[in-house]
Amino acid sequence: MHASENAPLAPDWLELPSDTAALDEGVWPVTARRNGSGELELGGVAASELLAAHGSPLYVIDEQDARGRATETLAAFTDAFGAIGAEVELHYASKALVTIDIARWMAESGIGLDVASGGELEVALAAGIDPAKIGMHGNNKSRAELERAVSAGVGCIIIDSLGEIELLADVAASLGRVQRVMVRINVGIHASTHDYLATSHEDQKFGLTREAALDAVASIRASASLELLGLHSHIGSSIYESEGFGAAAARLMMLRAQLLADGPVPEVNLGGGFGINYLPSDQAPDIRELARGIAAEVQRVCEETASSVPRFVFEPGRSIVGPAGVTLYTVGSTKTVTVPGESGGERDYIAVDGGMSDNIRPALYGADYCVRLANRVSDAAPRLVRVVGKHCESGDIVVNHDYLPGDVTVGDLLAVPATGAYGWSMASNYNYLERPAIAAVRDGVARVLVRRVTIEDLLAYDAAWNGKASS
Ligand code: LLP
């Protein structure tokens, strides 16, 4: 039955669940299941046990799931590009979620790292990642960040502006190094995603146009301290239609063919941006099909322009770690709201102990998530709910629309899947809320990756704090 037939305030896309306990396998991590007493278990550890040990809310990462996706993604691209005679390297986009251990999981799967700031670079180096397998991004890298990257031996720095060429050439020369670089190209494709997540249309800050790239490449080739490795394009993030990736690859390959007339362009980096399932109704692209589709476009342009096949790099972030993450919350208050009028109806507001500080995506992009009762199953009839946080904003929404059993009450635990990417990494301490810990679960064991940031930690930044609790 369609949800709106049941609850007038429900959006058209929301299905009334036949089973409010079901864990849709397209959305939940690979080890998610209900144990004998109906409780949600992740990596063999029960939700209540996780919260009792590490506090609520809690980010949980299913290690088997994250590692599995890393390996599968590498295999998908290696197979598809191997078939056209190209080598592939993956750089996990650390902005999605990085801790020292997560960086190591990637390295153990044979994957390098994409870093977008001096801070992300420090995590990569602290993890012992081979600097040659690090790509450094940023539209406004400081001289200090560039110096650190060059002296650490970062494999590639992705140039984002003409001014950066001069700065980096000078940094590399003064360190007595020759730095390999790529040029980020704005290929002019407006990816179908939220405006803030589209990065390759004309009116935004990233990359150089194809015309400006000709000058950029000429200056790099003329510089004694820079070496041109290739071209980069990232059309945006959270993309579900694969056509944009193929079209971007084709445009970049055409530009490369032109540049080959004056020297080598050994590598092409096509970024990341592959969409994932946040809701059971989402249809994330199949990574193998996607890889084959892009490889086919590359092959076509290489044949048409009679150019060699380069080496490729991809930078997936969300599609590796997003589906591996689940956020657990505790319900603190509930309220039924009646919206008057013809299109009105009832909705239950379920308030949890986190909110926009642990997941800003609903407020920032209007992102939709789904939710399940985690500590038990219930045969109470489903009710339309909005899960909200505890911040002083009405836009403090965790899950805008879903159904939960009608008897959800204070003290119950809720689980929101697909929060592994851009949750913790974009978290804040708004309203002085503590930042939840991240626990990795695997084979019945939970391990803290990053501990909870406490109010005492926050007070410690306040220069006027006397270091004592007030009572
Ligand atoms: N490469 C480059 C150059 C990027 O800028 C990004 C993402 C990626 C790779 C990885 O994209 P992914 O595979 O994770 O989609 N905060 C937003 C996403 C911003 C992405 C920024 N760049 C969100 O929560 O959806």
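Ala, Val, Leu, Ile, Met, Phe, Trp, Tyr, Cys and Pro are counted here as nonpolar, Asp, Glu, Lys and Arg as charged, and the others, Gly among them, as polar. The model shown in these views is predicted.

**View 1. The shell around the ligand.** The ligand is surrounded by 20 residues. S237, E315, R361, Y365 and Y422 are the closest of them. Sorted by class, this shell holds 8 polar, 6 charged and 6 nonpolar residues.

View 2. An N or O atom in the side chain of S237 lies 2.3 Å from an oxygen atom of the ligand. At R318 a polar backbone atom is involved, 2.8 Å from an oxygen atom of the ligand. D114 places a polar side-chain atom 3.4 Å from a nitrogen atom of the ligand. On its own the ligand has 590 Å² of accessible area, and the protein covers 91% of this area.

**View 3. The pocket and the two domains.** The largest pocket is where the ligand sits. Residues of the shell come from both domain 1 (3-62 + 323-460) and domain 2 (83-321), so the ligand lies between the two domains.

**View 4. The contact between the domains.** The protein is divided into domain 1, made of 3-62 + 323-460, and domain 2, made of 83-321. Their C-alpha centres are 34 Å apart. Domain 1 gives 25 residues to the contact, and domain 2 gives 22 residues.

Terms used:
Residues numbered from 1 in each chain as written. Predicted model: local features only at pLDDT ≥ 70, side-chain atom pairs only at ≥ 80, totals over all residues. Heavy atoms only, no water. Near = heavy atom within 4 Å. Polar contact = N/O pair within 3.5 Å; in protein donor to acceptor, adjacent residues only side chain to side chain. Areas by Shrake-Rupley, 256 points an atom, 1.4 Å probe, with all protein chains shown as cover. 1 Å grid on protein atoms, 1.4 Å probe; cavity = no way out; pocket = protein on both sides within 12 Å on 5 of 7 lines; lining within 4 Å. Sits in = over half its atoms within 2 Å of the grid points. Domains from an automatic or database assignment. Contact = heavy atoms within 4.5 Å.
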